[in-house]
Amino acid sequence: MRLRYAPLTVLAVVITLAGCSSSPKDMTVNGTVTVADNPVAGVDPPVQTGSQVTITDPSGKVIGFTALNGNAPQGPVFTLTYGFTVKVPEGESSYGITVSGLDGTERYTQAQMQQGPALCSGDTC
């Protein structure tokens, strides 16, 4: 009779422990992406409002994603600056940011993410 209740006891312990585990605190990241834009010279921006921004942890696992928006102060002539806002977990040793339309992944520390990462492309860097 006692063995019949053992699985229920184990299940109750697992559920209790799962409820006690804490997930990392999230931080809100406000970043920018600056790209060249000179239609007269035939240079079109490689990104646009709505281009996907993907955030990864050091192993490459996606931990957040969002889209570029037009909510950023503009820079010099013949450039466009887009903004993005995303929530990601704190505590990673580094964060990778990939923007659809741009090559590669840029890595940032937690402090840089909190200050607001500023990505750029080509001559705008």
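Guide: Welcome! A strand is a DSSP run of E with at least two residues, and strands are numbered from the N terminus. Please keep in mind that this is a predicted model.

Visitor: What share of the residues in the chain is buried?
Guide: Buried is the term for a relative accessible area under 20%. The chain has 125 residues, and the part of them that counts as buried is 30%.

Visitor: Which residues have the most contacts inside the largest nonpolar core?
Guide: In soluble globular proteins, nonpolar side chains tend to be buried together. Here the largest nonpolar core has 20 residues. At least two of its residues come from each of strand 1 (26–36), strand 2 (52–56), strand 4 (79–89) and strand 5 (95–99). Within the core, the most contacts belong to Ile55, Phe84, Ile97 and Val99.

Visitor: Where is glycine 96, and is it buried or exposed?
Guide: Glycine 96 belongs to strand 5. Its relative accessible area is 0%, which is under the 20% cut-off, so glycine 96 is buried.

Visitor: How many Å apart are glycine 96 and tyrosine 108, C-alpha to C-alpha?
Guide: Beyond four places in sequence, glycine 96 touches Thr54, Ile55 and Thr56, and also Thr105, Glu106 and Arg107. Tyrosine 108 is 12 residues from glycine 96 along the sequence. In space, their C-alpha to C-alpha distance is 6.4 Å.

Visitor: Threonine 54 is on that list. Which side chain does threonine 54 join in a polar contact of 3.1 Å?
Guide: Threonine 54 sits in strand 2. With a relative accessible area of 16%, threonine 54 falls under the 20% cut-off and is therefore buried. Its touching residues beyond four places in sequence include Val62, Phe65 and Ile97. The polar contact of 3.1 Å, though, is with the side chain of glutamine 52.

Visitor: Why does asparagine 38 count as buried?
Guide: Asparagine 38 is in the loop between strand 1 and strand 2. Beyond four places in sequence, asparagine 38 touches Val43 and Phe78. The cut-off for buried is under 20%. Asparagine 38 counts as buried because its relative accessible area is 18%.

Visitor: Now the open sheet: which are its edge strands?
Guide: Three strands form this open sheet in the order 4-1-7, with mixed pairing. An edge strand pairs on one side only, and that applies to strand 4 and strand 7 (118–120).

Visitor: How many bridges join strand 1 to strand 4?
Guide: Strands of a sheet pair through backbone hydrogen bonds, either parallel or antiparallel. Strand 1 and strand 4 run antiparallel. Across this pair, valine 33 stands opposite tyrosine 82 in strand 4. The number of bridges joining the two strands is 11.

Visitor: One more, please! What share of the contacts with a separation of 6 or more joins residues 24 or more positions apart?
Guide: Valine 99 gives some examples of contacts beyond four places in sequence: among the residues it touches are Val33, Val47 and Leu68. For the chain, residues 24 or more positions apart account for a share of 57%.

Definitions and conventions
Residues numbered from 1 in each chain as written. Predicted model: local features only at pLDDT ≥ 70, side-chain atom pairs only at ≥ 80, totals over all residues. Heavy atoms only, no water. Core = buried A, V, L, I, M, F, W, Y, C linked by side-chain atoms within 4.5 Å. Buried < 20%, exposed > 50% of the residue type's maximum accessible area, 1.4 Å probe, protein only. Helix = DSSP H or I, 4+ residues; strand = E, 2+ residues; numbered from the N terminus. Contact = heavy atoms within 4.5 Å. Polar contact = N/O pair within 3.5 Å; in protein donor to acceptor, adjacent residues only side chain to side chain. Pairing = 2+ DSSP bridges.
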